[in-house]
Amino acid sequence: TTLAKSSYDPKTTAVAEANAYTDSKTPVDNINNLPFAITDSNGNALLSIENNGTLLVNNIKNKNGSVGDVDAMTDENISQYPFAITDSNGNTVMCVNDRGILTAVELRDKNGVVGKSGVPLDKQFNAIAELNIFVNHGQSNAGTDPAFKPPVTTTQIYNNKLFDGNQLVDIALTPDAQEYVSYNLVNHLTYLTLRDTSLNVADLSSKNVTFSIAEGGTPIITLYSTNHGHYLTFVNYVTAIKNYADANGIKCNVQAMCFTHGEADSGSMAVDDYLNHQYNLYNLYNNKAKEITGQKNDMKFLTWQLDVGNVPLAQLKAQAQHTNMVVCFPKYAPYFGNSGHFNALGGAIAGAYYALAYRYKFEQKRDWQPLMPINIKKHGANAVKVRYNRKFLTFDNSRFDAVGGGFYGTDASGALTVSSYVVDNRGDVIITFNRDINGSLTFGYGKAMTSRALFVGAYGGTLRDYQGLVEKTTIGGVEYPLHNWSLNFEEVIV
């Protein structure tokens, strides 16, 4: 018996049936039974997720033309976006803007409209504007100390701007200018946007703007007094930028404030007192920013962690309680001048840390946190085990040293000496002392630091992750890693 080869090709047939099914379902006339859909103004589904999880898209375009199976459509309205889904008239329904943020005109689930507007949501709510303002505030380490001269930001390749009180100028500093922390914040943020979206500077429809209202040696309560120059300058500068934007038919938005502060209050203020002052300061500036610009989104609040006193505890407490606040790095992470403050290089690195945290936490909505412990317990008779919120940790003393790697302990018998500190094969940190622990233990991280090359005016340690293998900032042609260094802490372990 001779068997004839069948002409039936299961792969070809399955693909054809799948294509036919997809064609029959897009656009979907009735989306009431779909878990999720994006629709046009007539209620037709342009992008939908069916109950079985199938993703259906009507038409996909990027700024270079058709990506999906699209009939003669114009992309004139979406040329400003790296990616967009349009309706049959070429109107943008869903887009990814030049910061990599996904926005949509109308979002529906099976219960009805979730969000709706006549323009993409990022334009309606002005979350991303043509002029995005990042305010520099705080005290000496924000950039007011003479150690921040000469500056390292001497050229401007990203078209970011400084508002000098009268006009927007390039952030390309002369040798007698100060290297404020926010200068590299805005530049590194643009770098991250270009890297993550594969865009060029010329493709960007927005630019970052910054100005400084920081003042050295100033308590926090003064920095938000409505009668003091810091707040009044903020109001005047944001108003001037808003007037400029209006005159040019564009939008402005106060995206964030980096607040490098704490020394003036570290020795005298209780944790909750500083915390409440920080909330009051934030609320005052945030509400005023929204009043002036008309923006609906909240200004974000980027802080560092001071190394001594009660202020570091207040900063951590604020991060845990407030969704718009994040601690971006510990004080000891950047470089220092001989004054005990950052030098210009350290200020620029601090700015990059602020930018990275802002990008991760608020633009990309990642569950990003600074390196910090999540569980601490005694480990045998003479040791402590610390579990951090990240794995792949290492002790790195290539830049500086700290006794015990930065860890310390005191019990009922007095101070203990750290005899060893290691990261075990589970990623936990094991701190072993020279003797058995007697009773409850005051255990912490944050010792006086010494440097092999540069002065370190801070308390900290040598524990970090490997974030800097991927995340770096380039300053003066040199790459500097942005490792996530452990925050300081102190706890009592019973």
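**Entry 1: Glu 291**

I began with Glu 291, which is exposed because its relative accessible area of 56% is over the 50% cut-off. I note at the outset that the model is a predicted one. I then looked up the partner of Glu 291 and found a salt bridge with Lys 288, in which the closest N and O atoms are 3.1 Å apart. Both residues belong to helix 6, which covers residues 271-293. Three residues separate Glu 291 from Lys 288, about one turn of the helix.

**Entry 2: Asp 307 and Lys 331**

I next asked how many salt bridges the structure holds. The count is 15. I examined another of them, formed by Asp 307 and Lys 331, whose closest N and O atoms are 3.8 Å apart. This pair links distant parts of the chain, as the two residues are 24 residues apart. I located Asp 307 in the loop between strand 16 (300-305) and helix 7 (311-321). Lys 331 is in the loop between strand 17 (325-330) and helix 8 (344-363).

**Entry 3: Arg 387 and Asp 428**

I turned to the salt bridge between Arg 387 and Asp 428, where the closest N and O atoms are 2.8 Å apart. I recorded Arg 387 as partly exposed, with a relative accessible area of 28%. Asp 428 counts as buried, at 0% relative accessibility.

I also noted one network, in which salt bridges with shared partners join Arg 195, Asp 196, Arg 359, Glu 363 and Glu 471.

**Entry 4: helix 3 and helix 8**

I then looked up how helix 3 (residues 181-197) meets helix 8. Their axes come within 7 Å and cross at roughly 45°. The two helices are therefore oblique to each other. The crossing of helix 3 past helix 8 is right-handed.

Which residues make the contact? On helix 3 I found, among them, Val 181, Leu 185, His 188 and Asp 196. On helix 8 the contact residues include Gly 347, Ala 348, Tyr 354, Arg 359 and Glu 363. By class, the contact has 11 nonpolar, five polar and three charged residues.

Key: Residues are numbered from 1 along each chain as its sequence is written. This is a predicted model: local features need pLDDT of at least 70, side-chain atom pairs count only at pLDDT 80 or more; totals for chains, interfaces and linings use all residues. Side-chain values use heavy atoms; hydrogens and water are left out. A salt bridge is a side-chain nitrogen of Lys or Arg within 4 Å of a carboxyl oxygen of Asp or Glu. Helices (H or I, at least four residues) and strands (E, at least two) are DSSP runs, numbered from the N terminus. Buried means under 20% relative accessible area, exposed over 50%, partly exposed in between (1.4 Å probe, protein chains only). Axes are lines fitted to C-alpha atoms, for helices over the stretch in contact, and angles run from 0 to 180 degrees between N-to-C directions. Angles under 35 degrees count as roughly parallel, over 145 as roughly antiparallel, 65 to 115 as roughly perpendicular and the rest as oblique. A crossing is left-handed if the near helix is turned anticlockwise from the far one by less than a right angle, and right-handed if clockwise. Contact means heavy atoms within 4.5 Å. Ala, Val, Leu, Ile, Met, Phe, Trp, Tyr, Cys and Pro count as nonpolar, Asp, Glu, Lys and Arg as charged, and the others, Gly among them, as polar.
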